[in-house]
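Subject: Structure handover

Hello,

Here is the structure I promised to pass on. Please open it alongside this note.

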Amino acid sequence: MASRPLSSADHEVISRIPLLSALGKDRLNNLMETCRVDSLARGEFLFRADDVAKYFYILLSGHLRLVKTSSQGEETVMHFLTEAGSFAEAVSFAGRTYPVECQVVENCEIIGIPREAYLGILRSAPDVVGDVLASLLRWERFFLEEIYKLRHTRPIQRIAAFLIDFEDRNGTLIDGTSGNSFPEKRQIASRIGITPETFSRSLRKLEAAGAISAGPKLQILDRAALMELAR
Amino acid sequence: MLDLFQCLTTTEFFHGNFTMRDIDRISGVLQSGRYFRNWPQDDILELASLCTWVRYEPDTVMIRAEDPASALFLIVNGHVELSYTDGDGKDGVIDLLGDGQLVGECALAPEACYAVSIKTLDATTAIRIDGVAFADFLSAHFDRALTMMSVVTERLCQMLRQTEELKCRSAAQRLGIYLLADAVPVGDAHETPLTMEKSALARKIGMTSETFSRALKKLSEHGVSQHSNGHVIRISDTELLAEWCGLSSNETWEEEANGFKTAV
């Protein structure tokens, strides 16, 4: 794993992350002096489930997946991280172990923030505790939406919603010309909690509606139609 | 816990509901619960001074999603239903909570709004903790702030497990695991008493009443039968059922089942 010092562009990204910007410029600069940017290649693991969470992380670029593996060895994709932002902060602050594995899907640049260093600075700035809690609670919103979708929406709605959301977070159209692509179909099926058979049936329905092209690579053909099907 | 509430004598009114202050009694309840049990007595008393008793009738909305988050609530007695509203305004129940559970943690974040709506299912007594005052308290007590971060983390980990279970297991498997977690040996079998209505249990595990009935029928193929008008579920062979539900080994399935029950 290669590493380099932080650039001014990295500082710019960091300054937009609420968990860090809440510390104020001086404290944040002190914290960042101890950090470096690590480059990870596709397939590498950033951390494994049950490792002690000594760090939380800032994703600068690239694409990660968070995976839960059952005691029978079956993998479930819990989330794809594709946007710059912080993750693993809740388990890190609580001094727990990571509940999932984090694997690189597309080459990444990541900053690891040591838990002890962050909490040490936070102790000297207790007025920002509310901002830190707010940052943790954004993950609560994520899980609330996940549970709602799993309990109350149909597979075809979940696929449509996933494709729209993934493209939005990607920031560019995934239409076969930009070089960007959706994750593999089986990864998407795992991520949204659908069996491969149901996933294939639902894709055929979306294709018949003219909303997507299903193969060999997924493409959105009619975004408005897809949004209607997501409702 | 309801007796404790009924024996209180000082009253005031809050949001149209019957409420009262009683620092000593509130601190006793806070200290006996899992969230604050390790706090020093002085901190417990200070926290209790920020609290009021509140009592809600059944079917009362305690918290409305997207309203400004002004308070946390510790459920002392009763059951509440959490529902989530999506971007299109459709809503659905995502959890049921009962005694000892804390809700509305987002009131600790500056200018936050509630993420879910919370409605009482039966008469519910709770301790209301003022959000702004509690946030100020945490700013002055860093170790207590760490405790609250752990509370939020624990909630997130539970939601992660719940998400995983919803993704990976069928309705019948989820019901089977839930029943296994509460099963007690009776003769040469195990029995699980159902402590809530089947419709409520179905919602808690994330399925409709119809799916619940189908799941019970499916489980009957694996040694699960209903007794006492459906209030007691008998499991003829817990090991076989655990294996069918996808729990790992004989040594660890009980732990896994309990983890699942906590998650849902």
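Predicted model: local features only at pLDDT ≥ 70, side-chain atom pairs only at ≥ 80, totals over all residues.

Residues are numbered from 1 along each chain as its sequence is written, while chains are lettered from A and ligands numbered from 1 in the order in which they are written.

**Confidence**

The predictor gives the complex an ipTM of 0.80 and a pTM of 0.76. Chain B has an average pLDDT of 83. (pLDDT is the predictor's confidence in each residue, from 0 to 100.) In chain B, 86% of the residues score at least 70. Take care with residues 1–20 of chain B, where the pLDDT is below 50. That stretch still has 36 contacts in the model beyond near neighbours in sequence. (Two residues are in contact if their C-beta atoms, placed from the backbone, lie within 7 Å.)

**Chain A overall**

Chain A holds ten helices and nine strands. (Helices, H or I with at least four residues, and strands, E with at least two, are DSSP runs numbered from the N terminus.) Its C-alpha atoms fill a box of roughly 60 × 40 × 35 Å along the principal axes.

Of the 231 residues in chain A, 38% count as buried. (Buried means 20 or more other C-beta atoms within 10 Å of a residue's own, exposed means 12 or fewer, and partly exposed lies in between; C-beta atoms are placed from the backbone.) Take the contacts in chain A between residues at least 6 apart in sequence: 73% of them join residues at least 24 apart.

**Where the chains meet**

The contact takes 36 residues from chain A and 38 residues from chain B. On the chain A side, strand 5 (75–81), helix 4 (89–93) and helix 6 each give two or more residues. Helix 6 of chain A supplies the largest share, 19 residues.

Helix 6 (residues 129–152) of chain A lies across strand 6 and strand 7 of chain B. It runs at about 110 degrees to strand 7 of chain B. (Axes are lines fitted to C-alpha atoms, for helices over the stretch in contact, and angles run from 0 to 180 degrees between N-to-C directions.)

The largest nonpolar core has 99 residues. (Such a core is a set of buried Ala, Val, Leu, Ile, Met, Phe, Trp, Tyr and Cys residues joined through C-beta atoms within 7 Å.) A:Leu133 and B:Ile127 touch the most other members. Helix 6 of chain A gives the most to this core, with ten residues. Leaving out residues up to four places away in sequence, A:Leu133 touches B:Leu108, B:Ala109, B:Met148, B:Met149 and B:Val152.

**Strands of chain B**

Four strands of chain B form an open sheet in the order 4-9-6-7, with antiparallel pairing. (Two strands pair if DSSP finds at least two bridges between them.) Strand 4 (61–63) and strand 7 (91–97) are at the edges with a single partner strand each, so one side of each has no neighbour in the sheet. Neighbouring strands of this sheet are turned by 30 degrees against each other on average, direction ignored. Strand 6 (residues 80–85) and strand 9 (residues 117–120) of chain B share four bridges. There, B:Leu82 has B:Ile118 as its bridge partner.

Strand 14 (residues 232–235) of chain B pairs antiparallel with strand 12 (residues 189–193) over four bridges. Strand 14 also pairs antiparallel with strand 13 (residues 224–227), again over four bridges. B:Ile235 stands opposite B:His190, and B:Val232 stands opposite B:His227. The covered face of strand 14 has B:Ile233 and B:Ile235; the uncovered one has B:Val232 and B:Arg234.

B:Glu66 is not a glycine, yet has a positive phi of about 75 degrees. B:Glu66 is exposed, with 11 other C-beta atoms within 10 Å. B:Glu111 has a positive phi of about 55 degrees, and is found in the loop between strand 8 (102–103) and strand 9 of chain B.

Best wishes
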